[in-house]
Amino acid sequence: MIRLATVSPCYNEEDVLRHSTERLTTLFDRMVAEGLISADSMIVFVNDGSRDRTWDIIKELNSENPYVRGINLTRNVGHQNALMAGMMTAKEWADAIITIDADLQDDLECIPQMVSHFTEGNDIVYGVKVSRKADPFVKRMSAMAFYKLQHSMGVESIYNHADFRLMSRRALDMLADFDERNLYLRGMIPMIGLPSTTVDDVISERQAGKSKYTLNKMMGLALDGITSFSTRPMQVIYYIGIIFLLIACGIAVYVTYSLIVGTAVPGWASLILSMWLVGGFILVSLGITGTYIGKIYKEVKHRPLYHIQEILGSNKDKGDK
């Protein structure tokens, strides 16, 4: 039997923690009884600088539930960094970890399937969303646009896969070798190259609270993924520049012809329009180029991704149970 850990980043999730823990505990008890996982498996919550009672509730759950462990970060570092903190800590405790959002909208029945695939020799098992009917229309459409945008920009990732996945300790050790500050785990993990497979994930409605993952955060994640794993935006700028050059040549021919036949009419509208058009293109180009330079700036500083303030281990180790 394997020792399994689920890792869930939490930011202001006081409204879902107890319900989520109950569901995971029921699942773990069943999997232990079926001989899929060992009794010392664990549910790990990572408090990502929450401003509510999230950490207090995690401490209460840790004292009440033998499965629950907690990691308290010193401040909010973002979803991807909090995931990394949880995975790098939990890999010392478990044979395999499964990352899953604290609201448990992902299909929990995928977890036994993931464990089975792991025991068959797969180091990574991706949960791929096959249905998003439970998501609101706007979120569903924005998610589809998110994956299509990544694909069109050349980012190699698993389509319709978010961060619901199983990883072996060997895969986690290899992930630790990635010395990147701009984390985009959905693009980094497929680069590991170890044996992998997928399971079908049907999203369910959120049982409590509201999603903290806004459209703005999703677009920011898409930008991180594109600029961290693809240079295609710069290539697009190059080709647009060629098109602009060809248009300019065409306009030059037209102006020359108008001067020869005497049909040229002085005017400022076309001049102003051209200035705005070219000026806008230059600003966009500088913005995209600046984004890449900014990421280089972050990488060369090698600042820590996170700091851990406190770790709550198993209450079995403390003799509580």
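Which elements cover the buried residues of helix α4? In this predicted model, local features require pLDDT of at least 70 and side-chain atom pairs count only at pLDDT 80 or more, while totals for chains, interfaces and linings use all residues. Residues are numbered from 1 along each chain as its sequence is written, and side-chain values use heavy atoms, with hydrogens and water left out.

The cover of the buried residues of α4 includes β1, α1 (17–33), β4, β5 (124–131), β6 (161–168) and β7. Helices (H or I, at least four residues) and strands (E, at least two) are DSSP runs, numbered from the N terminus; buried means under 20% relative accessible area, exposed over 50%, and partly exposed in between (1.4 Å probe, protein chains only). Helix α4 spans residues 110–119, and its buried residues are Cys110, Ile111, Pro112, Met114, Val115 and Phe118. Just after α4, Gly121 adopts a positive phi of about 115 degrees.

The protein chain contains 10 helices and 8 strands. Of its 321 residues, 43% are buried. Contact is defined as heavy atoms within 4.5 Å; among contacts in the protein chain between residues at least 6 apart in sequence, 83% join residues at least 24 apart.

An open sheet of 8 strands with mixed pairing has the order β7-β5-β6-β4-β1-β2-β3-β8. Two strands pair if DSSP finds at least two bridges between them. Strands β7 (196–202) and β8 (308–312) stand at the edges with a single partner strand each, so one side of each lacks a neighbour in the sheet. On average, neighbouring strands of this sheet are turned by 20 degrees against each other, direction ignored; axes are lines fitted to C-alpha atoms, for helices over the stretch in contact, and angles run from 0 to 180 degrees between N-to-C directions. Helix α2 (residues 54–64) packs on the sheet and touches β1, β2, β3 (68–73) and β8, its direction making about 150 degrees with that of β3. Strands β1 (residues 4–10) and β4 (residues 96–99) pair in the parallel sense over 4 bridges, and Ala5 has Ile97 as its bridge partner in β4.

Asn47 lies in strand β2 (residues 42–47) and is buried, with a relative accessible area of 4%. Its side chain makes a polar contact with the side chain of Ser50 (2.7 Å); a polar contact is a pair of N or O atoms within 3.5 Å, where, within protein, one must be able to donate a hydrogen and the other to accept it, and residues adjacent in sequence count only if both atoms are side-chain atoms. Not counting residues up to four places away in sequence, Asn47 touches Cys10, Thr54, Trp55, Ile58, Ile71, Asn72 and Leu73.
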